Amino acid sequence: MVDVASNPSDAVELALDLYGNDILRLAFSFLKRREDAEDIVQDTLIRFMQSGGVFENEEQMKAWLLRVAANLCRDYLKSAEKKKTVALPEGYDVAAEELLPEGESEVLKAVMALPEKYRSAIHLYYYEEYSTKEIAEILSKKEVTVRSLLKRGREKLENMMKGDRDYAKRI
């Protein structure tokens with residue numbers, strides 16, 4: 001059992017040690033910028049510390065952290081701050097190679113090229129190994145919607161990986 005209220009700094013340290021990279025990867029899959037993803041990790045841990053929650057096990061804590069991180073990412077994407085930023089020039093590759101496990105960089109780059117709704121579902125399913133029911137809870141969507149996002153996302157990935165480079169621009 002993890003009791004955040006009894007010792008918030010230890011609970012945050014535990015959460016960061018166990019799930020910091022998971023939160024960072026999820027945020028990166030939403031935002032595509034390491035700096036923004038790191039900000040989301042910090043904000044998620046602040047919310048965790050402020051929550052004073054009691055978690056029955058580490059999996060419950062992980063699900064809570066990822067749900068908060070996903071919500072923070074969605075809020076960030078909707079925010080006026082995001083709309084004020086200047087877009088990078090066309091063709092500028094910002095793929096943070098240090099976040100990509102060796103041997104999977106091509107697939108992960110293709111996943112990162114997907115629209116956010118497919119990208120987050122695919123990331124949680126294949127990289128975090130959540131069930132469609134758990135993903136539905138994390139993303140605040142219906143389970144049938146998650147299955148549909150996964151199916152369409154896989155189709156888009158298949159087309160992208162077959163070499164249809166212009167396909168990514170059309171999605």
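**Entry 1: helices α6 and α7**

I looked up the contact between these helices and found that S120, A121, L124 and Y125 in α6 meet T132, I135, I138 and L139 in α7; contact means heavy atoms within 4.5 Å. I sorted the residues of this contact into 6 nonpolar, 2 polar and no charged. Here Ala, Val, Leu, Ile, Met, Phe, Trp, Tyr, Cys and Pro count as nonpolar, Asp, Glu, Lys and Arg as charged, and the others, Gly among them, as polar.

I note that the model is predicted, with local features needing pLDDT of at least 70, side-chain atom pairs counting only at pLDDT 80 or more, and totals for chains, interfaces and linings using all residues. Residues are numbered from 1 along each chain as its sequence is written, and side-chain values use heavy atoms, with hydrogens and water left out.

**Entry 2: T44**

I placed T44 in helix α2 (residues 34-51); helices are DSSP runs (H or I, at least four residues), numbered from the N terminus. I recorded T44 as buried because its relative accessibility is 0%, buried being under 20% relative accessible area with a 1.4 Å probe, protein chains only. Leaving aside neighbours within four places in sequence, I found T44 in contact with I23, L65, V68, A69 and L72.

**Entry 3: the largest nonpolar core**

I found 47 residues in this core, of which I40, F48 and L124 touch the most other members. A nonpolar core is a set of buried Ala, Val, Leu, Ile, Met, Phe, Trp, Tyr and Cys residues joined through side-chain atoms within 4.5 Å. I noted that α1 gives the most to this core, with 11 residues. Not counting residues up to four places away in sequence, I40 touches A27, L31, A69, L72, C73 and Y76.

Note on methods: Helix = DSSP H or I, 4+ residues; strand = E, 2+ residues; numbered from the N terminus. Buried < 20%, exposed > 50% of the residue type's maximum accessible area, 1.4 Å probe, protein only.
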